[in-house]
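Subject: Structure handover

Dear colleague,

I am passing on the structure below, and my notes on what was found in it follow.

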Amino acid sequence: MYYYLLFIALIGVERLIGLVVAHRNAQWSIAHGGKEFGLDHYPAMVSLHVLLLVSCVVEVWALGRPFVPWLGWPMLTVVALSCIVRWRSAMALGRHWNPRLIVIPGAPLVRRGPYRWVRHPDYIAVVAEVVALPLIHSAWLTAIVFSIANAALLNVRIRLENAALTYV
């Protein structure tokens, strides 16, 4: 349990680093004519990811979920790979990367890195991580509930993003 708590804390730190980078990128994008879309869903995204981390810990602690090696180790691998894909996606987008939906008119779509093969690699990584992170320590209720919530939120987000990209 203690190693899992430490791992969740490290994921939380990684998320905070992402928010710092996102804030810097948002300032740059706005300064370069960026227009923000979908302001209503961003707080829900942040809340979902914070509550996911909290729920992972609470379910494991409150319900005594065990670490099951045949499940935990593969799920840890999925989380590690999803982090790599998310940061690789962010690096491919450079200053345009942001969890907020900011589009700079006239900026070309990025087609390098994972975007060569998939339109939304970051979202695929997030889906994998939302499923796998709780399952590292058998928190299957959290995996189910947050996977459903994440799917609903991504449905909204991808529609908004696609509309925003055609708008400008």
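What span should the 30 residues of helix 1 (residues 2–31) have at 1.5 Å a residue, and how far apart are its end C-alpha atoms? The expected span (1.5 Å times one less than the number of residues) is 44 Å, and the end C-alpha atoms are 44 Å apart, which agrees. Helices here are DSSP runs of H or I with at least four residues, and strands are runs of E with at least two, numbered from the N terminus.

Please keep in mind that this is a predicted model, in which local features need pLDDT of at least 70 and side-chain atom pairs count only at pLDDT 80 or more, while totals for chains, interfaces and linings use all residues. Residues are numbered from 1 along each chain as its sequence is written, and side-chain values use heavy atoms, with hydrogens and water left out.

Several residues of helix 1 are buried, including Y4, I8, I11 and G12, where buried means under 20% relative accessible area with a 1.4 Å probe and protein chains only. The buried residues of helix 1 pack against helix 2 (42–63), helix 3 (69–93), strand 2 (101–103) and helix 4 (121–135), contact being heavy atoms within 4.5 Å. R15, which lies in helix 1, counts as buried because its relative accessibility is 17%. Leaving aside residues up to four places away in sequence, R15 touches H49, R86 and E129. Just after helix 1, G33 has a positive phi of about 90 degrees.

Best regards

Key: Buried means under 20% relative accessible area, exposed over 50%, partly exposed in between (1.4 Å probe, protein chains only).
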